[in-house]
Each structure stands twice: as structure tokens, then as C-alpha cells.
Amino acid sequence: MHYLLSLFLISVLSLNTAFAQVDGLVIDSNFEVGRLGLTTKYFEDKTNSYTFDYLSQRQSVIPWVKSNQAHLNFGFSDSTFWFKGEVVNKAGVEKYLILDFGDSLLDYIDLYLINDDSVLKKRLGTRRYDDDNMSNLTFATGFKIGAGETIHYFIRIKTSAFLQTPLTIWNANDYIDDKSQHELMVGIFIGLFLMMICYLVFLYIHLQEPRLLQYVLFIICYLAVIWIIEGFGFVYNVDFIAQYYDSIIVVLMGLIGLNLSLFARQLLKLRYRSWFSLSTRILISSSIIVILSPLLLSFKMSIILISILALGITLLSIVCGLFFIHDESKDVRFYVLSLVYFILGIDIHILTRFGWLSEFEFADYISGCSALIVLIYLCWNFAKQMAHDRIVKKDVEKQMTSVNERYYSVFQNAAEGMFTTSIEGNILAINKSMCRTLGFINLEDMHKSGHSKADEFYADPQLRATIMETLRIEGEVNSIEMSGYDRYGEIFHGEINMRLNIQPDITIIDGSFVNTTKRKQHEIKLESIAKYDQLTGLVNRSHFEKLVGASLEANRSVLEDNILLYLDLDQFKLVNDICGHDVGDSLLKKITVVLKSFLDESAILARLGGDEFGILLNHTNFDNALEFADTIRCGIEDFRFTHNGRHFVLGVSIGIVTLDESIENFSQALSLADTACFTAKAQGRNRVHVYSKCNDVMLGHQREMRWIGVLREALDENRFELAFQTIKPLSASIKEGYRYEILLRLRDEDGNLQSPSEFIAAAENYNFMSQLDRWVVKTYCQWLSSNPKHLANLSSASINLCGQSLVDRSMHSYIENTILTYGIPPEKLCFEITESQAIMDFDQTILFMNKFKALGCRFSLDDFGSGFSSYSYIKRLPIDQLKIDGSFVRNIETDNVDYTMVKSFNEIAKAVNIKTVAEYVENENIKNILSGIGIDYVQGYLIAKPALLVDLVDNEQLDSA
């Protein structure tokens, strides 16, 4: 069948019916139809200014051109075209003739018929007035011609569309017969297409397949184009079509092109190729451009775009036909070939309509037939799908029963709660998990107890009203946190999800509930840990910082202030040391009770750490705050704590600072309050002190606190450096290697070295020295390890240790591991400790010294004479060296007491076989005096000034000294 259709199309393209060319159109007794194009002459009026009167009077001067076209075709032109010729009646009888322009898209047609007696004027076209004499259906008009009469005609045509017309004259009866037959065929096709539309709509209702609506749209657009081209829009006086026919046709053709492109895309999904996909995307984009072109382009440009689109679709359809003809199923091949025939039929229809192909009897019906074939195939295919769906539906119905049973089992046994309620809140269905959450066995148990309304279980009844409002607007709610009470009044927490389920007979709510009670309780506990001190239940430091920060940001009145109190218990450490930490914790709890008893609701009490508390007084007069602080002090002073028969009297030092505009944040506020508290302790403890910028003690404390920050940064950034100062024997007979004291220097951010006198006091007061000692020991041992030649010539290196390091057990292990890790001989290291440090914890100091003495290290008692100066320490401590404080050496030349003290120190040391070292040796005279006394070693600027360890070069600095 396809081969026969192909041969038929080829034969159609070769047809070319011609009319005999004569000088004028002659009407005889057998006349049926004639083409004026073969006998007429035409003139192109490019100025659009010529009139009938002018042309009829000056015919000889007008450059008329012989047409010789059976189908007049002038393409797009802005000019007016005039045609002239004559019709001669040689039939011997009067004839009624029909002049047919054959194109419903011509804008302006003026017809002038001239005989011997008169001139008859007729005006036709799509843009004429209501009183024009025209036949809207065929764009044709009739006139009579007497026997033997000759009628001359002038025709003026102007249009914005493609100017083409067959321009035929018919015998009236033959014209009526031809048009009746044509209208019948058109009516049959339109009727069939309308039936197809109804069928497709029926299929859509049944299948809910969106493609069916696309097919309906395609048919409607196709029929609309045919309806306008055939002139039906003008027959029924549809003014809108008459006014915008050109734009309407462009939009409809664009929609047809879009549908054909979508057909191709659906088809090409069977055999994907990248260039197929690209082609269809280009055609779809082109179709959309054509649809929008009437808004932006002229009708001429729109027609050109339509032509390009038609060419592209034609080429793609031919390629599809060739591509699918052998490889796909019969159904696919039939559909593809039918689509190709349809597109070629449209092309033939357009070509014959525009005169590029000669007309033949079935030219107008080819596209309709091919479109009908395509649609019949589609409907047949969907009919098969419906039959298949009926079979599938039965199978689905069988499966539904099983699915419902499984769903009910899943519903009842789901881990999360599931329920269904009415809009009013009546519980219609509920699973086991939800029943357990609410404290019921099942739904029946719930109904018996009288609890069948969902809103009864909400802790906040307003929450359900809010959820219902959201449901009505959005249709669902997700992950809404809620709390509720079960039948026994126990609280539960969870996340609820609801969806509005609108059914024909009822609207219900389906919901699920994830029980998060345990997680919520854990979160509450974590929140409590994050905000409150676990021992006392007070606000902790972190949360107190936020509260103080909020107070700093709040507006403050002129008459009232926000005031911060910093409390530090006196003698608390004594209780901890004597009775143990458990008793100390019990004491803190009781102190908390005492402090709370003095507070009102606006005051905030916090535990800042250890035995330190903070109180924030918002909007409090300063005098009242001062009085309040003293009341607390008295209350703590009057409090008596007893344990195992022992009575303890406590005190509290309180620092006060006003949170004014000069304080930027919590850290600054707490630092100032701590400074005030430190001052209170320094002035004798158990007192209240108000922060003042002019207090020397407070300023010193603040400087030390700032140094702590600097030291931490320097340690993190490794800005500390090691220095050394040579220690020299006074006896020329002593030949030994290098002997020096290791010193510490800090390089500030500007690169300048800072003396330890600037920061050592701060480090000692704020327990930072132990960290510095660790750095010194590790760094020096590491340096020695990397300088083995120097290590071999080293006799003794003195390293200072603070009291905190001596009593820190972890420091013992750290120093020992460092010495072993870097392979340093212990006998080359001498640790210097001071008198005051040694007696801080005498037992721990002895333990440290014995441990490292056994390892091989040596010890030196530094700054002897400046502390307690108890000679018993020399005897009891396992020291190897006594270092006399420089305050006795500096003035030994002039001060006899200093001389006597140094001599005494030396004699005692010799008595217990301990070497002596004198500091601050700054001239030869002091050196000679010390030599006369019998001092073993000297150290000072006379011997060598301190220098950086990195600059130390063997046999240069030490030997030159």
C-alpha cells in the first residue's frame, strides 16, 4: 500500500494542466472554465497611485506586460497590480459567468467591467466594507454577457500576503457543481475530523493521557487553517478573523509545526540519536518563534519563517521515514509513513495553493487524507491500549485486596504513630504505636475511655488550631514539633506530620507521629548542662556571659545602673585541703543557699568556677548595690561550716564594677571585676572593693592579666627565645667545659626582645610559669641534641624551675622523658630553685630533687639570702650548688655587712661540701674580693653579658670570656 501511495504522489507532482493561449477569452457553447492568466496583461503600480480613470484613458502609454501564467503568482510585493483583458461571447446566447479569484487571503480587489453602454464596478477582498458587493465564500463574483458581446475588464489587486490567484472564469452552472462537490468533500473531511476530536476527548477522559489533548489541539489548529483558507471565516462574517486573518494563520501554522515537532520527538524516543534530539529542539524553538512572530515581525517575514519551518519538518519526516522503514515494528512503520505522507500532503497543498504546482482534482484533499490516516492509526492504537488497560485493571483489582491487607498490617505495626481524623478532630483510625504513646491499648479502648478527640491530647490547644489553618491553606504540614499529655497526664514530645485527604464523600486528615520524648528529655538535660552548673544548679559561666552581654546591649536609664559583682571565697582552699574535695563541694552547695537568700528575682547569680561567683544586678542604684554587696559579705562571714567537729570561718572578697558605656564586652567586664576582687584580697581579704581606673594595685593586676594574653600568644606563635650567661670558675686550676645559666627572652610582635622581668611576675601569679618551664626544657634539650659538639664540651647548664613545676607530678615525667628522648646526659643539667619555691611544698620539692639526683642531675639553690635564709635548708636539701643573691654582692666593696654575709654563706656551704656561685659581678675589685673569700664561681656583666643561644659559637663567646 505504501508503495502505491508513493507512486501516486510522484505522479501528482508531474501533473501540469495547461489552458490554450488566445488573445482574449472566448466563450462558446461548450465553455465550462477558462484561465484569464493566459490572455490577460498586467501592470505593476509601484507607487500605488494609479486609478481606473487614468489607466482606461491612457492605455497606450502604460507598459502592459503579457502574463502567459495559468496561475498568476507575484510573491510578496507592496505594489498594486492592474490586470486588463477581454471576454468575448460567441456562444450565440446570453451567458452568466463567474469570475473566481480563488484566494481568500487577498486584501483588496477592484473589478471594472466595461461594455458599450456602461462601466460596472465591483469591490472584493478581506479588508472591504460591509456594503461591498462580494461573494465571501469563494472570492468570486458573477456577471452577464450578451450573445456576441465583448466585455473589457480591469482588475486592481493589492494584498499584504503572498499575491497569487488562479483568476478563472466559470460557466455559472459548472462553477456551482464544482464548488458543491468541493464543499461536500470538505464537509466530509471536517465531519470526520470532528468525530476524531470527540473520540480523542473520550479517550482522554478514560486514559488521562496528556498526549491526547495535544492531538486534539493539532486537529483544531489544522481545521482552523482549512476553515480560514476556504473562506468560511468570511462567509459567517466573523469580524475578528477578517481583521486579523494573517496573524491568526501564522499562529495556527506555528502551533501545527509545534505539534508535528512534538510528534517527531515522541517517535524518536524509540531510537535515540543526539542529532535527532538537537533537530527536534531546533524545530520546537522555531515553532515557538513562528507563534510569537506576529507580535514582532511583518506578515511577510512570518510567512518566510513558516516556509523554513515547513522545510525543516519535511526533511526531518523524510529522514525519520528512511530511518524507521526497515528496523521497527509494522505499527511504527505505518505511523511513520503516514506522518510523512501527511507532511508531504501539506506541502503539496501549499505549493498548489501558491501556484508553484499546477492544480489537479485531489490536490486539496491529500493532506486531509494523510492526516486522517495518522489519526485513525493513533485512535486504533489507543483503542488497543484501552483493551489492554481493562485486562490490567482486573489484575490490579486482584492485587488491591492483597495490598490493602499488607497496608493494614504495615499501618498497625509501624514503629511511628499513624492516625486518621476528621476535620472536627474525631479519631477515625489509629495504630498500635500511637495508642501506646497516648496510653491506650487500641482504638476501642480509647473510645470506651471517652477520649476520642485529637485536641484533648495537645499540651497547647492553640497549636492544633494553627495546624488546621495551615492545612486548609497548604494542604499539608511537616515535622511540626509538639508536646502533649497522655491519658495519665504524662508529657510526651514528638514531630507530627499531617496531610489533608479530600475524598468525594468526606475530607479526612492522615497523619504520622514520631515520638521524640527520650530525645527531647536528653536535649533538655543537655541544655541544662550548657546553661547551669551541675553542682550548684546556678547559671554557669558561659550562660552568664550571654546574660551580661545582653545587659550591656540593653538601654540603661540615667538613675539606675547594671552592676557586676565578682565574689571569691576566702579560706575555701583550706577546707578543700583539710577535709577533701567532696566536703568542699558540699560547702559550695550551702554557700549557694546562703547567697540565694539575699537575692531578689531580678538578680542573677552564677558560679564562674571553683570558689568564684558572679552576680548581675540589673537596673540597680549604685549605693544600693554597694550596700547589697556588704550584706552578702556579712552573711558569709556569719556563716559557720562544721565538719567532723571542726569549725571553719569563711570570708568573701567582692569586686564591683559598673557596666557603663566604656565596657565593650563580657571579658572586659569580668576582667575589671576580677581586678577589683584581687585588690580586695590584697588589702586584707573579706572586704568589698569598687573598681577604679586610678588604683595602683588594680592597674598592676590589669597589666599582669594583659601579659598573660601576650604570653599565650607568644607560646602559640613560638616567639620565645633562649639566652645564656656564662658562669666562670675563680680558680685558674679548674679546667672544665662550658658552664652557663639558661635564660628566657620574649620577642614581641615588633621583633624586639623583652626582658623576663616584664612578664615573669605575671606568669607566676597566674600559674603560667609551668608552661614556660616545659618550653625551656624541651627547646634547650632539642638544641643540645642538634649540636653534639657543643654537648660534648658542656660542663653544666643551669635551668631555672618554678615552684609549680616542682610540685607537679606530670612535670616530673615530662622532664625525664624529654632528657631521655633527646639523649642528654643528666649530669650536664643543673636545675635552679629558689628558697621561697623550695618551701612552698617542702615534701614535694624533696621528692623531685631526689628523683632527678638519682637520675644524675644537679641542683642549685638560687637567690640564697633574699628569702628566709634558713641555714637548715642547706643541710636538708640535696643541693650541689649555692647561688648567693646579687643584692649582697653588688655592694660588697663598701658594705661590711654584705661582705660578712657572703663570707658566712660561703663558709656554711664549704662545711657541707657545696660549691658557691656569686651573681652580679660587675668589676674586677668585686671579683678579687670574692676570690679572697673563697667563692668558687662568679657570674655577671664583668664575666659576660647575656646573649642568645642561637648566636653561641664554640670556642668564641665562652672561651673569650
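Tutor: Please bear in mind that this is a predicted model.

Student: Why is the pair of Phe43 and Trp64 called edge-to-face?

Tutor: The ring centres of Phe43 and Trp64 are 6.1 Å apart and the planes meet at 65°. Rings pair if their centres lie within 6.5 Å, and planes over 60 degrees apart count as edge-to-face. The pair of Phe43 and Trp64 is therefore edge-to-face.

Student: What makes this a pair that ties together separate parts of the sequence?

Tutor: Phe43 belongs to strand S3 (residues 41-45), while Trp64 is in the loop between helix H2 (52-57) and strand S4 (65-66), so the pair ties together parts that are 21 residues apart in sequence.

Student: How do you know whether Phe43 and Trp64 are buried or exposed?

Tutor: The cut-off for buried is under 20% relative accessible area. Phe43 has 8% and so counts as buried; Trp64 has 15% and is therefore buried.

Student: Why is the aromatic pair of Phe52 and Tyr112 called stacked?

Tutor: Phe52 and Tyr112 have 4.2 Å from centre to centre and 0° between the planes. Planes under 30 degrees apart count as stacked, so the pair is given that name. Phe52 lies in helix H2 and Tyr112 in strand S8 (residues 108-114), so parts 60 residues apart in sequence are tied together. With a relative accessibility of 11%, Phe52 counts as buried, and Tyr112 counts as buried at 8%.

Student: Which aromatic cluster includes Phe43 and Tyr112?

Tutor: One aromatic cluster is formed by Phe43, Tyr50, Phe52, Tyr54, Trp64, Trp82, Tyr112 and Phe154.

Student: Let us turn to charged side chains. What makes Glu495 and Arg519 a salt bridge?

Tutor: Their closest N and O atoms are 3.4 Å apart. A salt bridge requires a side-chain nitrogen of Lys or Arg within 4 Å of a carboxyl oxygen of Asp or Glu, so this pair qualifies. Glu495 is in strand S17 (residues 491-502) and Arg519 in helix H14 (residues 517-531), so the bridge links distant parts of the chain, 24 residues apart. By this rule the count comes to 21 salt bridges.

Student: Why are Arg633 and Glu637 said to be separated by about one helical turn?

Tutor: Arg633 and Glu637 are four residues apart in helix H18 (residues 622-638), which means a separation of about one helical turn. Their side chains meet in a salt bridge (3.4 Å, N to O). Arg633 has a relative accessibility of 14% and so counts as buried, whereas Glu637 has 30% and counts as partly exposed.

Student: How do you know that Lys853 and Asp880 meet in a salt bridge?

Tutor: The N to O distance is 2.7 Å, and the limit is 4 Å. Lys853 is in helix H27 (residues 842-855), and Asp880 is in the loop between helix H28 (871-876) and strand S33 (881-884), 27 residues apart. Lys853, at 30% relative accessibility, counts as partly exposed, as does Asp880 at 23%.

Student: What makes the phi of Arg685 worth a remark?

Tutor: Most residues other than glycine have a negative phi. Arg685 is not a glycine, yet its phi is positive, at about 65°. Arg685 lies in the loop between helix H19 (666-682) and strand S25 (688-690). A network of salt bridges links Arg685 with Asp568, Asp570 and Lys681.

Student: Where does Asn913 lie, and is Asn913 buried or exposed?

Tutor: Asn913 lies in the loop between helix H30 (896-911) and strand S34 (915-918). The cut-off for exposed is over 50%; Asn913 has a relative accessible area of 72% and is therefore exposed. Asn913 also has a positive phi, near 60°.

Student: Why is the surface patch that includes Asp716 called negative?

Tutor: The patch is formed by Glu713, Asp716, Glu749 and Asp750. Asp and Glu count as negative, so the patch is called negative. Asp716 lies in helix H20 (residues 696-717) and, at 68% relative accessibility, counts as exposed.

How values were computed
Residues numbered from 1 in each chain as written. Predicted model: local features only at pLDDT ≥ 70, side-chain atom pairs only at ≥ 80, totals over all residues. Heavy atoms only, no water. Patch = residues over 30% accessible without salt bridge, like charges linked within 9 Å, V, L, I, M, F, W, Y side chains within 5 Å. Areas by Shrake-Rupley, 256 points an atom, 1.4 Å probe, with all protein chains shown as cover. Charge placed at Lys NZ, Arg CZ, Asp CG, Glu CD. Helix = DSSP H or I, 4+ residues; strand = E, 2+ residues; numbered from the N terminus. Buried < 20%, exposed > 50% of the residue type's maximum accessible area, 1.4 Å probe, protein only. Phe/Tyr/Trp six-rings, centres within 6.5 Å; stacked < 30°, edge-to-face > 60°.
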